[in-house]
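Here is a short tour of one protein chain.

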Amino acid sequence: MDEDKKLNSFNINTNNDIITYNTRGMEKLSQEDKIILSTNDPFGNSVVLWESTFLYHIIGEHNNDSRHYLNNDKNFQRIEYTINRPIFILEDKTNKNRWEFISLTDIEDKGETRLKSLSVITEESDSVMNSLEVVTVIPKSNVSQNITNRRVVYNVNNNNDRI
């Protein structure tokens with residue numbers, strides 16, 4: 001058992017898996033899990049996306065909706081673009097440790113290019129110190145969103161000012 005006091009977690013090795021216990025509970029990660037996207041938000045914060053989150057949650061669990069096209073190189077790059085150059089960053093409605101990065105971008109699907117709003121949801125990382133982790137990606141056809149009761153962390157019209 002390896003303990004990391006800085007991250008409030010410890011690892012237990014069992015066969016080919018590592019079980020990590022942290023403040024959110026037990027998480028099972030493959031030893032081969034790796035970071036497939038590492039970038040910075042407009043404030044310079046490090047943001048990472050784990051392969052397991054992308055394959056098993058974003059693409060896997062949501063395979064019945066329109067997220068399958070994110071498994072394409074050009075469309076995958078839109079995730080990084082949304083983190084680097086969001087129009088807005090909003091605090092999550094129910095979890096103040098989560099941020100929603102929102103952009104308007106072009107997405108290729110079935111030979112067509114569509115304009116969509118892309119939301120990338122992040123939270124503080126338990127695995128990588130001083131980083132945010134992507135927890136999900138939500139493509140939306142509808143751009144309308146009520147932000148009256150949400151804290152705006154970033155607004156492209158107020159460059160780099162935390163509100």
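Two strands count as paired if DSSP finds at least two bridges between them. With that in mind, look at the sheet in this predicted model: it is open and has 7 strands, in the order β5-β6-β10-β9-β8-β7-β11, with mixed pairing. At its edges are β5 and β11, each pairing on one side only. On average, neighbouring strands are turned by 30° against each other, ignoring direction.

Within β10, E133 is the bridge partner of V48.

How far can you trust each part? The mean pLDDT of the chain is 78, and 73% of the residues reach 70 or more.

| Element | Residues | Mean pLDDT |
|---|---|---|
| β1 (lowest) | 2–4 | 43 |
| β6 (highest) | 46–50 | 96 |

Over residues 1–30 the pLDDT is below 50, although this stretch has 54 contacts in the model beyond near neighbours in sequence. Where pLDDT is low, the predicted coordinates should not be read in detail.

Now find helix α2 (residues 73–84), which lies across β5, β6, β8, β9 and β10 and runs at about 145° to β8. Beyond its neighbours within four places in sequence, I79 is in contact with L37, F54, L118, V120 and V137.

Terms used: Residues numbered from 1 in each chain as written. Predicted model: local features only at pLDDT ≥ 70, side-chain atom pairs only at ≥ 80, totals over all residues. Heavy atoms only, no water. pLDDT = per-residue confidence, 0-100. Helix = DSSP H or I, 4+ residues; strand = E, 2+ residues; numbered from the N terminus. Contact = heavy atoms within 4.5 Å. Axes fitted to C-alpha atoms, helices over the stretch in contact; angles between N-to-C directions.
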